[in-house]
Amino acid sequence: MLEARDAADLLAARHADPFAVLGLHADADGRLWLRTLLPGAEQVSVIDAATWTKITDIPTGGGPRRTRVDSNTNKLYVNNSTGNSVTVINMATNAVITTIALPASSQPWNLGINTATNRLYVALR
């Protein structure tokens, strides 16, 4: 369970160690989507924003780094920096839709999304 003070500090951008828990995105159902930066991490966690309890973990590729939400399609995109991929998650079902493979050693660094054109842009390191 995420401590309420940690959650409040993260949401207010005043957390002392934001790299411990990053990538918060709220959805219309009151759930928070959370990517944690832990050595060997290969998942994102869904957190209930009302109770601060974990609903589930969703597997991703190695080293989930950044997340972006497409509110038009209700999809979460996760770049996997050591897995050289982007995981696409259906936020309504908590299911992985697909994993997009990127060139070997590309180390995806950041994501941008254009919701008008439904295009995802991936910056490689």
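1. Aromatic pairs first: a search of the whole structure turns up 0 of them. To count, ring centres of Phe, Tyr or Trp (its six-membered ring) must lie within 6.5 Å, with planes under 30 degrees apart called stacked, over 60 edge-to-face and the rest tilted. Keep in mind that this is a predicted model, where local features need pLDDT of at least 70, side-chain atom pairs count only at pLDDT 80 or more, and totals for chains, interfaces and linings use all residues. Residues are numbered from 1 along each chain as its sequence is written, and side-chain values use heavy atoms, with hydrogens and water left out.

2. Now look at Trp 109. Arg 65 lies over its face, 3.5 Å from the ring centre, and Arg 66 also lies over the face of Trp 109, at 5.9 Å. (That takes NZ of Lys or CZ of Arg within 6 Å of the ring centre and within 35 degrees of the ring normal.)

3. On to the open sheet: 4 strands, in the order 5-6-7-8, with antiparallel pairing. Strand 5 (64-70) and strand 8 (95-101) each have a single partner strand, so one side of each has no neighbour in the sheet. Strands are DSSP runs (E, at least two residues), numbered from the N terminus, and two of them pair if DSSP finds at least two bridges between them. Strands 5 and 6 share 6 bridges, and Arg 66 has Asn 79 in strand 6 as its bridge partner.

4. Finally, Thr 87 sits in strand 7 and is buried, at 0% relative accessible area (buried means under 20%, exposed over 50%, partly exposed in between, with a 1.4 Å probe and protein chains only).
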